[in-house]
Every structure is written in C-alpha cells, then in structure tokens.
Amino acid sequence: MLYALPVLLPAVVACAQPSLKGAYEKRFKIGAAVNEAQVAGKPAADSVLLLRHFNAVTPENIMKAEVIHPQWMQYRFAPADALVAFARRHGLQLNGH
C-alpha cells in the first residue's frame with residue numbers, strides 16, 4: 001500500500017522555528033524597512049514574514065521629503081499616515097530616519 005506524504009508549505013515549516021523577534025526579545029528590537037505596498041499588505045507573504053519576525057519598522061521611502069512634498073503647495077501624507085496606522089495596529093515600534 002502506498003501512502004502519500006503530506007507536503008509541508010514553507011509557511012508551516014517556518015512556524016515550527018522560533019521567530020527572529022522572539023529569539024532576541026530580551027536584547028533588542030528586530031526591524032525592517034517597509035514600503036507602501038507592504039503596508040497595504042501586498043504581497044501577503046511579505047506581511048506574514050514581517051509580522052512573524054519583526055517588531056520594529058522604518059519607512060523605506062514613505063516619509064522622505066520628496067514623497068511627502070513632491071511639488072510646491074502639494075502634500076501627500078496618506079502613505080505616512082498608513083504606515084503609522086499599520087505600526088499601531090500591529091504593535092510595532094516605528095523608527096524614522
């Protein structure tokens with residue numbers, strides 16, 4: 001009789017390992033730079049990885065002056081506001097640069 005072995009998905013295998021943030025929680029935060037798409041949850045795999053292993057985020061380009069103020073009398077705060085909301089919603093430390 002033949003038995004089919006279950007196929008383990010990378011996400012399932014990864015969950016069996018301790019998270020990076022968990023391994024260092026008593027020492028320091030583990031951070032990642034994030035962009036607009038990742039804050040919006042695209043691709044979903046990025047969000048799973050980010051929330052599992054990191055407890056701090058920093059804006060990749062979202063809060064740079066040329067993104068927030070691209071032209072005279074024009075301001076674009078929505079991406080920065082979305083990043084702040086994302087960090088608060090998931091209990092992530094937000095670091096600027």
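Met-63 lies in the loop that links β2 to α5 (65-68), where helices (H or I, at least four residues) and strands (E, at least two) are DSSP runs, numbered from the N terminus. The structure is a predicted model, in which local features need pLDDT of at least 70 and side-chain atom pairs count only at pLDDT 80 or more, whereas totals for chains, interfaces and linings use all residues. Residues are numbered from 1 along each chain as its sequence is written, and side-chain values use heavy atoms, with hydrogens and water left out.

Because its relative accessibility is 33%, Met-63 counts as partly exposed, a class that falls between buried (under 20% relative accessible area) and exposed (over 50%), as judged with a 1.4 Å probe and protein chains only. When residues up to four places away in sequence are not counted, Met-63 is in contact with Ile-68, Ala-80, Leu-83, Val-84 and Leu-94, contact being defined as heavy atoms within 4.5 Å. Between Met-63 and Asn-35, which are 28 residues apart in sequence, the C-alpha to C-alpha distance is 9.9 Å.

Leu-83, one of the residues touched by Met-63, is itself in contact with Val-34, Val-39, Val-57, Pro-59, Ile-62, Met-63 and Leu-94, leaving aside neighbours within four places in sequence. Leu-83 also belongs to the largest nonpolar core, which has 13 residues, and together with Val-34, Val-39, Leu-50 and Val-57 it touches the most other members; such a core is a set of buried Ala, Val, Leu, Ile, Met, Phe, Trp, Tyr and Cys residues joined through side-chain atoms within 4.5 Å. The elements that contribute two or more residues to this core are β1 (31-34) and α6 (78-90), and α6 gives the most, with four residues.

The protein chain contains six helices and three strands, which follow the pattern α-α-β-α-α-β-α-α-β along the sequence. Strand β2 (residues 56-59) pairs with β1 in the parallel sense over four bridges, and strands are taken to pair if DSSP finds at least two bridges between them. Within this pairing, Pro-59 of β2 is the bridge partner of Val-34. Strand β3 (residues 93-94) also runs parallel to β2, to which two bridges join it, and here Gln-93 of β3 stands opposite Ala-56.

Over the protein chain as a whole, 24% of the 97 residues count as buried. Among contacts between residues at least 6 apart in sequence, 68% join residues at least 24 apart.
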